[in-house]
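Subject: Model handover

Hi,

Here is the model for your files. Please load it first, then read my notes below.

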Amino acid sequence: MKKVGGLSDIILKTEGVGVTYQESIVALKNVSLNVPTAKLTAILGPSGCGKTTLLKVIAGLIEPTKGKVIVGGKEIIGPGPDRALVFQDFALLPWATVLQNVAFGLRARGVPKKEREETSLHYIRQVGLLGFEDKYPHQLSGGMRQRTGLARALTINSDILLMDEPFSAVDEQMRRKLQEDLLKLLKIESKTVIFVTHSIEEAVYLADQVVILSGRPGSIADIVYPEIDRLGEVDLIRRQPGYIELVDEIWSSLKRYVE
Amino acid sequence: MLNSDLSKFKTLIQLFAFGKLMRTSPFWSLIFWAGVWELIGQMGWMDLLPPLSGIWFAFAELLEQSAFWDAFAMTARTFSIGLGLSIVVGIPIGILIGISKRADKILSIWVNLFLSAPITAVIPALMPILGIGDATVIATVILFSIWVVIIDTQAGVTHVKDSLVEMGRIFGCSRLNIIFWIVIPAAMPEIITGVRLSVVRAVKGVIVGQIVIALIGFGGLFNTYLSYFLMERFWALIIVVFIMSFTIIGLVELLERRIAFYANTR
Ligand SMILES: Nc1ncnc2c1ncn2[C@@H]1O[C@H](COP(=O)(O)OP(=O)(O)OP(=O)(O)O)[C@@H](O)[C@H]1O
Ligand SMILES: [Mg+2]
């Protein structure tokens, strides 16, 4: 594996980001990271190492104690329309239908009802939920809820999609299906994706760049660039030469942080 | 020998069946105790307790009196105004305490203090300030009912999932939009519980307020009937007040079941 410094243009970078909770809990330390445009970046690391914290800093939900996040050359000061987040626990409004949930982001922007429902239905179809737009979240399976969250994030058409363990709350088969669907979707919609995961396999399967964080306080331990050809059929990705070796390589660099 | 055993057994079964009937049907239980009351009243053991049949006639008389309807109107008026103010003021205060740590620090102690304080003791102190009339009764209703609205609203607001609020921020909602589109609907089941409990407390407040003041509304009537020893009317009035309270509380529970349908889907 060669280490590619400039995969392509850099859309987002963090510079020396550090986060300290309650003046004593150091969650992140000196994280400097380049995120290439229109690629998938995975953040991998042991439990409690600060993955969610890093993603929330990038999303603008948490102000870093040290350092900064730069998007398109400008330092961010909070959440913005250039970044959408898909939540680990879906964060759907239980009293709203799928359509209303998906349209929430557009509603917040003051898009008129007819227009926002049209756009929402487009993305509901794209994530494969057509026919479920009038259902409530509690009537859906975990996988369908996550698709709803994804559709909501897609509606605002941001360049960057942030996902916090997007597939961890669903079962193994559903996870594979969602992963495949995500790759298919990204062939249609050109997006920069940063996602957090626990799974080495998932990281290698999906990502162009895998950022490995050390145990708490999280700092970058290693960055790996799986050179896997994703242009062909999704099924073939797992069978490519080097796939298993890469999983092993990441595991050996991650192992020492896992007690 | 065997025969008497058998009959004993029979009465036991009958007693058992009777007890079961009473337990399963509140209607039969009511009839039974009404019968007991009538019997005790007829025997005339206690001057304070006239037979139930007598009360029934007093009930009819009561409904013909303009004093009764004046008291009724006053009760309805003070109850609605007091409860309305409790809800309209209590919910925003609860939301404020729920979202602002500073407001929580300043206000929460007082709310918790008043929630369990014996409000009845405060009423005599209100009279010289607010006078003997609607204002004092309204104040009593508020003092009885507002705290539980505040506490329950606050509980609802603080239990709203962080991720829902973060979701609002991610999509660029203003603070006000987050409150109205996310926090309030998410806290709605608790808010409704608070409102229901406050209705129960307001019912107590409106009656207790009038009785402590003892010169106006139902309190005045109770006082008059007792001092002229009109026990039938006294009891009839008590029954009217009970029926009124149960009706209102029953209505609220019905409403709660309708509105809070999504409480268990969270
Ligand atoms: N609001 C907070 N206040 C205090 N400490 C926090 C807070 N949020 C997170 N932490 C701590 O910071 C550390 C990093 O948390 P974070 O949630 O970012 O880890 P993570 O890598 O996402 O963990 P997981 O794999 O379990 O999701 C943890 O030790 C956690 O206990
Ligand atoms: Mg996490």
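I start with one cysteine. B:C173 counts as buried, because its relative accessibility is 11%. Buried means under 20% relative accessible area, exposed means over 50%, and partly exposed lies in between (1.4 Å probe, protein chains only). A search of the whole structure, over all chains, finds zero disulfides. The criterion was a pair of cysteine sulfur atoms within 2.5 Å.

Ground rules. This is a predicted model, where local features need pLDDT of at least 70 and side-chain atom pairs count only at pLDDT 80 or more, while totals for chains, interfaces and linings use all residues. Residues are numbered from 1 along each chain as its sequence is written, chains are lettered from A and ligands numbered from 1 in the order in which they are written, and side-chain values use heavy atoms, leaving out hydrogens and water.

**Chain A overall**

Chain A has eight helices and ten strands. Both are DSSP runs, numbered from the N terminus: helices are H or I with at least four residues, strands are E with at least two. The radius of gyration of chain A is 18 Å, close to the 18 Å from the globule rule for 259 residues, so chain A is as compact as a globular protein of that length. That radius is taken over C-alpha atoms, and the rule is 2.2 Å times the number of residues to the power 0.38. Along the principal axes, the C-alpha atoms of chain A fill a box of roughly 50 × 45 × 35 Å.

Of the 259 residues of chain A, 54% count as buried. Take contacts in chain A between residues at least 6 apart in sequence: 71% of them join residues at least 24 apart. Contact means heavy atoms within 4.5 Å. Chain A exposes about 11900 Å², with carbon and sulfur atoms supplying 49% of it. The area comes from the Shrake-Rupley method with a 1.4 Å probe; for residues, only the protein chains shown count as cover.

**Where the chains meet**

Look at helix α8 of chain B, residues 162-170. Its buried residues are B:S163, B:L164, B:E166, B:M167, B:G168 and B:I170. What do the buried residues of α8(B) pack against? From chain A, they meet α1 (51-59), β6 (83-86), α3 (104-108) and α5 (142-155). From chain B, they meet α9 (175-213). After α8(B) comes B:G172, with a positive phi near 80°.

Most residues other than glycine have a negative phi. A:E165 has a positive one, near 40°. A:E165 sits in the loop between β7 (160-164) and α6 (172-188) of chain A. At 8% relative accessibility, A:E165 is buried. B:F229 also has a positive phi, near 60°. Its loop runs between α10 (217-227) and α11 (231-259) of chain B.

A:S120 is in helix α4 (residues 113-126) of chain A. It is buried, at 0% relative accessibility. Not counting residues up to four places away in sequence, A:S120 touches A:L99, A:V102, A:A103, A:L106 and A:T155.

B:I87 is in helix α4 (residues 66-99) of chain B. It is partly exposed, at 22% relative accessibility. With the sequence exclusion of up to four places, B:I87 touches B:P92, B:V149, B:V195 and B:S198. B:S198 is 111 residues from B:I87 along the chain, yet their C-alpha atoms are separated by 8.2 Å.

Best regards
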